[in-house]
Amino acid sequence: MPADTVPSGREPVPCRVVVCRDCCCGTPKVTGVDHSAQTARLRAEVPVRVSACLDVCERANVIVVQPSAEGRAAGARPVWLGLVNDPDATEDIVAWARAGGPGVVPRPDILDLYAITPPRRPTAR
């Protein structure tokens, strides 16, 4: 089935956002941020999954923008963003995700300021 074809009765998989809300992200350790409002704002516009610790506490608040089915078909990978502690940054993420996100629409230059490298996962021995 071609990548742009959606099976009958199914909607295309949209761009999704993962919001870290655990030991550092989303807690009073990151001061001056209305964490609930940030999560609510994202949820109002795009599918959101709240995650436990993503292991980059020094970059709290961490948000991962996952590509849509169309973005994945174009070869896109999740984009990790850290230090997302400003409402304007949240709005930039919302706008990008709603426009299609990774693999569909280029990442806005302003979000380059927040881009981080995901933590390495231990490999099985």
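## Basis of the model

Helices (H or I, at least four residues) and strands (E, at least two) are DSSP runs, numbered from the N terminus. The structure is a predicted model, in which local features need pLDDT of at least 70, side-chain atom pairs count only at pLDDT 80 or more, and totals for chains, interfaces and linings use all residues. Residues are numbered from 1 along each chain as its sequence is written, and side-chain values use heavy atoms, with hydrogens and water left out.

## Confidence

The protein has a mean pLDDT (the predictor's confidence in each residue, from 0 to 100) of 89, and 86% of its residues reach 70 or more. Over residues 1–7 the pLDDT is below 50, and this stretch has four contacts (heavy atoms within 4.5 Å) in the model beyond near neighbours in sequence.

## Threonine 90

Helix α3, residues 87–99, contains threonine 90. Threonine 90 is classed as buried because its relative accessibility is 4%; buried means under 20% relative accessible area, exposed over 50%, and partly exposed in between (1.4 Å probe, protein chains only).

The side chain of threonine 90 forms a polar contact of 3.1 Å with that of glutamine 38. Such a contact is a pair of N or O atoms within 3.5 Å; within protein, one must be able to donate a hydrogen and the other to accept it, and residues adjacent in sequence count only if both atoms are side-chain atoms. Setting aside residues up to four places away in sequence, threonine 90 touches Gln38, Arg41, Leu42 and Val84.

## Leucine 42

Leucine 42 belongs to helix α1, residues 35–45, and is buried, since its relative accessible area is 0%. Although leucine 42 and threonine 90 lie 48 residues apart along the chain, 7.4 Å separates their C-alpha atoms. Beyond neighbours within four places in sequence, the contacts of leucine 42 include Val17, Val19, Ile63, Thr90 and Ile93.
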